[in-house]
Structures are given as C-alpha cells and as structure tokens.
Amino acid sequence: MGTTFSVEALAWIAASGRQYERAAVLLGAAAGLLQSGTTLDGFQPLAGHHRDCERQARQALGETAFQAACHRGLDLPAEDALAYALQQPPEKPPEKPPAPAVSDGAPLTPRELQVARLVAGGRSNKEIAAELVIAQRTAEGHVERILAKLGFTSRAQVAAWVAASQPDGKGRSAALAPTASRLGSA
C-alpha cells in the first residue's frame, strides 16, 4: 500500500505542476499497483486528493486522452510503473502498439474476457463482482477498460462482440479462448 500511495502522491504532484498526462499515467499505475478489490475510498483524505487530481487531468487532457494515458499507466508492469514514477525512463512511457482488431484476436486480458462473457450474459457489475469474488468497483473498472479497449460505449455492444466472436458452436472462439501465450504459459 505504501508504494501505491507514493505513486498516487506523485500523480497529485504532477497535476499540481500542470503535467496532466504524467498525472494520468501515474493514476493508472497506482490503480494497477492496488491489490484486487482495494480502493482509496476508505482513506477519505486521500480520496479527495485523488478526485481532484483526476478531475484536473480529465479537464486538461479531455476524456479520450485522459483514458489513454490512464490505461498506459495501468498496463505498466509494477517494475516499469515504479521506474516511470521515479522518472528513470524517458518522460513518456513507450507507446503501446495499437490493439489488434477483433478479427486478429481479442485485445483483452483473460480476466477481461471472463468479465466480457458475464456482461454478455446480462450480469450487472454487482453480480459480476459476486461471481468473481472481487469488489464491485473492480468489476466496474474491468467493464470500463473493456469498453475503452474495444471502442464501445455500451454493454450491449460488448454482448454483440462476444456473440459475434463465438462462431465455433462451442461457446468460444479463437478471439475469446485464452491461449497459452496470452496466459503466459508455454
């Protein structure tokens, strides 16, 4: 938690210095460092600073750029997130290659694919959280990232994408089936 709070505080400092893209990347990195189901909501003094920082960065960057920067931070491995927070790499983390088209395979993590299937099954965020034994806010975050990664604006679009990605009659397709390479095993 100490590391997460430190990265979060560096985001606030970046925002106060009008480095809004850096602030958004650090907010995403801090969120990625949080353990599943943990939020800053229980730490009211910190939650207020977080909301202020997020609001300033969103206003300065616009929603699309803010989300993109946040996702870059969220996708950083812990070691890279800390290096970025300490300004050891270049000021801007390396650009990620564009997400593959749906036909090239799912641009989602195995957990996001699992959540997408539950969304397609008509489950609410609360039901998803209960089924996966995670916090409701964590489920909401997964749904938000799925929508952003796929370029969708509604859960119905996610459901349609899942349905369209299941042509083999077994309820899964290459786009949705986790592969050994996606899961990190050989």
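**Entry 1: burial and overall fold**

I started with burial: of the 186 residues in the protein chain, 35% are buried. I keep in mind that this is a predicted model. Next I looked up the secondary structure and found ten helices and zero strands. Along the sequence the pattern reads α-α-α-α-α-α-α-α-α-α. I also checked how far the contacts reach: taking those between residues at least 6 apart in sequence, 60% join residues at least 24 apart.

I went to helix 2, residues 20-33, and compared its span with expectation. Its 14 residues reach 20 Å from first C-alpha to last, close to the 20 Å expected at 1.5 Å a residue. Its buried residues are Arg 22, Ala 23, Ala 24, Val 25, Leu 26, Leu 27, Gly 28, Ala 29 and Ala 30.

Is Arg 18 buried or exposed? I find it exposed, at 67% relative accessibility.

**Entry 2: helix 7 and its end**

Helix 7 covers residues 125-132, and I picked Leu 132 from it. Leu 132 has a relative accessible area of 12%, so it counts as buried. Setting aside residues up to four places away in sequence, I listed what Leu 132 touches: Arg 111, Gln 114, Val 115 and Leu 118. For the pair Leu 132 and Arg 111, 21 residues apart along the chain, I noted a C-alpha separation of 9.7 Å.

Val 133 sits in the loop between helix 7 and helix 8. Here I found another non-glycine residue with a positive phi, near 55°. Val 133 is exposed, with a relative accessible area of 73%.

**Entry 3: helix 8**

I ran the span check on helix 8 too: 15 residues reach 21 Å between the first and last C-alpha, close to the 21 Å expected at 1.5 Å a residue. Buried in helix 8 are Thr 138, Ala 139, Gly 141, His 142, Val 143, Arg 145, Ile 146, Leu 147 and Leu 150. What do these buried residues pack against? I got helix 4 (63-74), helix 6, helix 7 and helix 9. Just after helix 8, I noted that Gly 151 takes a positive phi of about 75°.

**Entry 4: helix 6 against helix 8**

I looked at how helix 6 meets helix 8: their axes are 10 Å apart and the packing angle is about 95°. That angle makes the two helices roughly perpendicular to each other. From helix 6 the contact takes Arg 111, Glu 112, Val 115, Ala 116 and Val 119, and from helix 8 it takes His 142, Val 143, Arg 145, Ile 146 and Lys 149. Sorted by class, this contact has five nonpolar, one polar and four charged residues.

I stopped at Glu 112, which is found in helix 6. Glu 112 has a relative accessible area of 3%, so it is buried. Which residues is Glu 112 in contact with, leaving aside its neighbours within four places in sequence? I found His 142, Arg 145, Ile 146 and Lys 149.

**Entry 5: helix 6 against helix 9**

I then turned to helix 6 (residues 110-120) and helix 9 (residues 155-164). Their axes come within 8 Å and cross at roughly 105°. Helix 6 and helix 9 are therefore roughly perpendicular to each other. Leu 113, Ala 116, Arg 117, Val 119 and Ala 120 of helix 6 meet Arg 155, Val 158, Ala 159, Trp 161 and Val 162 of helix 9. I count the classes in this contact as eight nonpolar, no polar and two charged.

Conventions
Residues numbered from 1 in each chain as written. Predicted model: local features only at pLDDT ≥ 70, side-chain atom pairs only at ≥ 80, totals over all residues. Heavy atoms only, no water. Axes fitted to C-alpha atoms, helices over the stretch in contact; angles between N-to-C directions. Helix = DSSP H or I, 4+ residues; strand = E, 2+ residues; numbered from the N terminus. Parallel < 35°, antiparallel > 145°, perpendicular 65-115°, else oblique. Contact = heavy atoms within 4.5 Å. Nonpolar A, V, L, I, M, F, W, Y, C, P; charged D, E, K, R; others polar. Buried < 20%, exposed > 50% of the residue type's maximum accessible area, 1.4 Å probe, protein only. Expected span 1.5 Å × (residues − 1).
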